Amino acid sequence: MSNNIDMLTLAPEIDRLHRECLSLIMATTNAAHAPCASYTPFATMDGLFYILVSALAIHGQNLKVQPDLDILLIEDESRARNIYARQRLNYQVTASPVQKGSAEYGEAVTLLGQRAGKTVALLDALDDFTMYRLTPVRATLVQGFGKAFVFDPRDLSEGAVALNEKNIGQYR
């Protein structure tokens with residue numbers, strides 16, 4: 001990626017969305033690639049997202065057969081200056097289950113509980129819930145009209161590329 005924009009200029013907005021959004025919107029697909037839009041609370045740790053979802057939910061079934069999905073963190077409608085230009089952060093991610101009882105699982109449940117409340121402990125005790133680690137592959141930050149940036153969340157040293165009509169095709 002070209003080093004068009006230094007990530008230090010985008011980091012405050014990325015951090016704000018991570019902090020203020022308690023849930024993420026996810027777009028999963030099944031084995032036949034039929035889409036499903038859903039949401040779930042999340043926690044972050046070491047650049048990864050953690051979600052606790054039921055295997056009885058459609059998105060839980062989808063994650064078992066199709067680990068590639070998109071997630072979206074988006075500014076609250078009530079705070080947006082323009083409903084068409086809500087600030088948002090989209091990640092292409094790959095989901096993988098986290099082994100229950102592992103140190104990683106314990107840390108993720110604790111962080112999720114801190115963000116989402118006591119319900120996490122209840123859900124964690126149910127057999128049909130699985131903790132997934134979502135590993136970001138690509139990210140897009142939209143700050144408003146004509147202010148969209150794509151970056152590799154695994155290597156922020158590369159910076160971000162400002163999207164425009166000439167280059168958007170190569171990043172989609």
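This is a predicted model: local features need pLDDT of at least 70, side-chain atom pairs count only at pLDDT 80 or more; totals for chains, interfaces and linings use all residues.

Which residues does UniProt list for "domain: Pyridoxamine 5'-phosphate oxidase N-terminal"? I looked it up, and the record, an unreviewed entry, gives residues 11–142.

**Entry 1: the annotated span.** I checked what residues 11–142 look like in the model. The span is 29% helix and 42% strand, and its end C-alpha atoms lie 13 Å apart.

**Entry 2: a hairpin.** Next I went to strands β1 (residues 23–29) and β2, which run antiparallel and are joined by seven bridges. I found S23 opposite P41 of β2. The two strands make a hairpin with five residues between them. In the turn I noted H33, whose phi is positive, about 65°.

Then I sorted β2 (residues 35–41) by face. C36, S38 and T40 sit on the covered face, while P35, A37, Y39 and P41 are on the uncovered one.

**Entry 3: helix α2.** Which residues of α2 (residues 58–65) are buried? I got H59, G60, N62 and L63. They cover an arc of only 160° around the axis, so they are on the same side of α2. On the face turned away from that buried side I found the exposed residues I58 and K64. I also asked what covers the buried residues of α2, and the list includes β1, β2, β4 (48–54), β5 (68–74), β6 and β7. So both hairpin strands from my previous entry turn up again, because β1 and β2 form the hairpin and the cover of the buried α2 residues includes them.

**Entry 4: salt bridges.** How many salt bridges does a search of the whole structure find? It finds seven. I took a closer look at some of them.

K100 pairs with D124, with 3.4 Å between the closest N and O atoms. This pair links distant parts of the chain, 24 residues apart: K100 is in the loop between β6 (88–97) and α3 (103–116), and D124 is in helix α4 (residues 119–124).

Is R133 buried or exposed? At 18% relative accessibility I put R133 down as buried, and E104 as partly exposed at 23%.

D152 and R154 make a salt bridge, their closest N and O atoms being 3.0 Å apart. I have D152 as buried, with a relative accessible area of 11%, and R154 as exposed at 56%.

**Entry 5: one last stop.** Where is G169? I found it in the segment after β9 (160–162). G169 is exposed, because its relative accessibility is 58% and the cut-off for exposed is over 50%. I also compared its position with S38 from the covered face of β2: G169 and S38 are 131 residues apart in sequence and 26 Å apart in space, C-alpha to C-alpha.

Key
Residues are numbered from 1 along each chain as its sequence is written. Side-chain values use heavy atoms; hydrogens and water are left out. UniProt positions are given in the numbering used here, feature names are shortened, and annotations may be inferred rather than shown by experiment. Helices (H or I, at least four residues) and strands (E, at least two) are DSSP runs, numbered from the N terminus. Buried means under 20% relative accessible area, exposed over 50%, partly exposed in between (1.4 Å probe, protein chains only). Two strands pair if DSSP finds at least two bridges between them. A salt bridge is a side-chain nitrogen of Lys or Arg within 4 Å of a carboxyl oxygen of Asp or Glu. The arc is that of the directions from the helix axis to the C-beta atoms. Contact means heavy atoms within 4.5 Å.
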